[in-house]
Amino acid sequence: MIDVSYRGLALEENPEFWLGIALEKNLEYQQLRFEAEKSKEEFRISETTYIPTIGADFSFSLSGEQFPLYEPGFSFKLTFSFPFNEVPTKVNLDATTDMVDQRTMAAGFNADLFPDLNYLADRRLAMVQLRLLQLQLDSTQENLRFNIEQFLKNYTYETANLELRRQTIKLMERRLKVYQAQLGIGEIKRIDYLKAQNEYYREEIGLRESILSIMYMERSFEQLLGLAPGELRKISMADR
């Protein structure tokens with residue numbers, strides 16, 4: 001059942017108010033923002049490839065001239081891998097000792113002077129992807145702003161038109177009463193009265209259609225903002 005007295009919602013006229021809500025709740029925008037933040041973080045990580053990975057090896061051994069073996073020995077090795085894109089580097093530190101006071105220590109350095117340069121293309125691709133996502137994000141925000149502005153204009157027009165239609169119906173009601181009185185005293189023909197009555201009914205139907213159209217606009221606006229059904233009414237009431 002349509003409430004024929006419905007006049008629409010008292011919505012905030014500033015588009016930026018609604019844009020702020022859309023940027024927080026619109027699903028498409030939120031997904032793009034998540035992807036952009038993810039891409040930005042991945043690019044940042046790819047730029048910070050200077051933290052080394054560390055490997056450690058430890059071994060224990062027994063030696064001697066005959067069994068049972070009784071001279072223990074230890075060896076310890078540390079490997080530092082620096083994943084520099086330009087020149088991947090490894091540094092090795094080795095230390096050994098045994099029970100006859102023999103100790104040795106060695107260090108090694110390894111660098112790839114002709115590394116794979118695909119990382120340059122990968123980094124450039126990552127930059128392009130990040131830029132494209134940012135452009136999509138900016139474009140989506142501008143589309144949201146435009147659609148919000150268009151809605152507010154159309155909504156203002158439709159609610160004003162609804163009031164004009166309601167005033168027209170009141171005038172037609174008065175005219176219909178006059179026609180009814182004139183019909184009673186024979187001043188007009190019945191067909192004239194019926195024409196006026198049909199016009200009144202058409203306007204009544206148009207009023208209900210206008211109300212339905214406004215309600216549909218409100219729900220579409222809720223979907224644009226990312227709001228659940230009925231939330232627009234709560235916001236408009238809180239904003240008054």
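Being 4 residues apart in helix H4, Arg 208 and Glu 204 are separated by about one helical turn. Their side chains meet in a salt bridge, 2.6 Å from N to O; a salt bridge here is a side-chain nitrogen of Lys or Arg within 4 Å of a carboxyl oxygen of Asp or Glu. This is a predicted model, in which local features need pLDDT of at least 70 and side-chain atom pairs count only at pLDDT 80 or more, while totals for chains, interfaces and linings use all residues. Residues are numbered from 1 along each chain as its sequence is written, and side-chain values use heavy atoms, leaving out hydrogens and water.

**Fold and confidence**
- The chain has 5 helices and 4 strands, in the order α-α-β-β-β-β-α-α-α; helices (H or I, at least four residues) and strands (E, at least two) are DSSP runs numbered from the N terminus.
- The average pLDDT (the predictor's confidence in each residue, from 0 to 100) is 80, and 66% of the residues score at least 70.
- Confidence is lowest in strand S4 (residues 103-111), with a mean of 55, and highest in helix H1 (residues 15-25), at 95.
- Where pLDDT is low, the predicted coordinates should not be read in detail.

**Burial**
- Of the 240 residues in the chain, 26% are buried; buried means under 20% relative accessible area, exposed over 50%, and partly exposed in between (1.4 Å probe, protein chains only).
- Buried residues in H1 are Trp 18, Leu 19, Ile 21, Ala 22 and Leu 23.
- Ser 210, in helix H4 (residues 190-225), counts as buried because its relative accessibility is 8%.
- Beyond its neighbours within four places in sequence, Ser 210 is in contact (heavy atoms within 4.5 Å) with Leu 162 and Arg 165.

**Salt bridges**
- The whole structure holds 9 salt bridges.
- Arg 145 pairs with Glu 142, with the closest N and O atoms 2.7 Å apart; both lie in helix H3, 3 residues apart.
- Arg 145 is buried, at 18% relative accessible area, and Glu 142 is partly exposed, at 45%.
- In helix H2 (residues 27-47), Lys 40 and Glu 37 are 3 residues apart, and their closest N and O atoms lie 3.8 Å from each other in a salt bridge.
- A network of salt bridges links Arg 7, Glu 163 and Arg 166.
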